[in-house]
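Hi,

Here is the structure I said I would pass on.

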Amino acid sequence: MISLSGVTKCYGAATAVQDLSFTVNSGETLGLLGQNGAGKTTTLNIITGYLAPTSGDVRVGDYDLLTQARQAKRLIGYLPEQPPLYDEMTVESYLRFVCRLRLVVEADIARHVRDIAAQTNLSDVLGRRVGNLSKGYRQRVGLAQALCGEPEVLVLDEPTVGLDPRQTAEFRDTLKKLSGGRTVIFSSHILSEVQALCDRVIILHHGRVACDQRLGDMSRGAGARLQAAIFGDMETLLPALRSLNSVARVTRLPAREAGVAEVLIEGKPGAVPQKELFTLLCGLQMPLMRLTPAADTLEDVFLRCTADDQALEKK
């Protein structure tokens with residue numbers, strides 16, 4: 001549904017995104033992650049046609065976003081981090097205005113606005129001025145304007161920023177209902193939100209794609225992660241574990257029993273650290289009390305992909 005090929009965007013001598021190439025399939029919900037300044041908003045602005053790339057191609061559906069911009073943009077509904085609202089208008093008049101901008105047939109606008117208001121839980125505030133609404137309702141109005149014209153693609157940039165926990169949960173439930181059948185690109189700093197809503201994630205780091213995986217495949221390509229409880233002295237154990245060729249990282253965990261050291265061992269990609277681990281512990285005469293696999297979380301993958309080069313070295 002959406003395809004980026006070799007997309008680069010420069011602001012003078014600064015490069016915001018570089019050589020981005022990925023595809024978002026029809027009906028897929030994609031989470032776009034990255035640290036501040038990683039290029040997320042620039043990427044979303046390029047996808048929506050708000051910014052032109054310095055180089056590269058973007059296609060939305062069957063249309064080239066540069067040469068067939070009008071047709072491509074009609075397929076997209078966009079909710080930026082700051083919704084484009086007019087405070088002096090009522091919710092209904094504002095949504096009617098957006099419908100006309102998106103070339104909804106005049107005779108269908110009233111029905112269309114009622115339907116969108118029902119989908120976004122705005123029916124009770126259609127007659128109120130936008131400027132008098134709470135932050136949660138304003139965000140819903142922003143989502144409603146993105147739905148005007150029944151776009152096939154929704155692009156959402158930090159849609160729950162500034163909302164309290166209840167408003168965030170309500171907004172998340174609304175997005176789940178709206179995503180059925182639509183292609184959704186969703187940017188957020190809240191990893192639990194991305195995990196709850198998205199089928200797949202792309203993590204940007206320094207303007208490049210550092211990870212592109214389905215949420216169910218987070219551990220693919222990473223080394224084994226093992227949580228171990230070992231009877232022995234932590235100060236002796238840690239440097240010994242970190243010296244193993246198959247081990248990329250060892251993290252100290254809180255101890256639950258006296259005299260038992262608990263650690264998280266991360267193996268290098270493709271390595272099997274168990275053999276070296278068992279040999280080491282036999283030599284140290286430190287009995288292994290427990291050894292269990294530790295599943296990768298989205299936070300683990302995010303931190304690994306956005307770490308500086310020196311942080312990726314064995315600690």
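On the H5 side, Gly136, Gln139, Arg140, Leu143 and Leu147 make contact with Gln167, Glu170, Phe171, Thr174, Leu175 and Leu178 of H6. Sorted by class, the residues of this contact are five nonpolar, four polar and two charged. Keep in mind that this is a predicted model.

As for the geometry, H5 covers residues 135-147 and H6 covers residues 165-179; they pack at an angle of about 15°, and their axes are 10 Å apart. Angles under 35 degrees count as roughly parallel, so H5 is roughly parallel to H6. The crossing of the two helices, H5 and H6, is right-handed.

How many cavities of 30 Å³ or more does a search of the whole structure find? The search turns up one, and the largest cavity holds about 50 Å³ of space.

Its lining is made up of Thr29, Leu156, Leu175, Lys176, Ser179, Val184, Phe186 and Leu197. H6 and strand E8 (183-187) are the elements that give two or more residues to that lining. H6 provides the largest share, with three residues. By class, five of the lining residues are nonpolar, two are polar and one is charged.

Cheers

Conventions:
Residues are numbered from 1 along each chain as its sequence is written. This is a predicted model: local features need pLDDT of at least 70, side-chain atom pairs count only at pLDDT 80 or more; totals for chains, interfaces and linings use all residues. Side-chain values use heavy atoms; hydrogens and water are left out. Axes are lines fitted to C-alpha atoms, for helices over the stretch in contact, and angles run from 0 to 180 degrees between N-to-C directions. Helices (H or I, at least four residues) and strands (E, at least two) are DSSP runs, numbered from the N terminus. Angles under 35 degrees count as roughly parallel, over 145 as roughly antiparallel, 65 to 115 as roughly perpendicular and the rest as oblique. A crossing is left-handed if the near helix is turned anticlockwise from the far one by less than a right angle, and right-handed if clockwise. Contact means heavy atoms within 4.5 Å. Ala, Val, Leu, Ile, Met, Phe, Trp, Tyr, Cys and Pro count as nonpolar, Asp, Glu, Lys and Arg as charged, and the others, Gly among them, as polar. On a 1 Å grid over the protein atoms alone, a cavity is a set of points where a 1.4 Å probe fits but cannot get out, and a pocket is an open set with protein on both sides within 12 Å along at least five of seven lines; lining residues have an atom within 4 Å of a point. Grid points are joined across faces, edges and corners, and a volume is the space filled by probe spheres set on the points.
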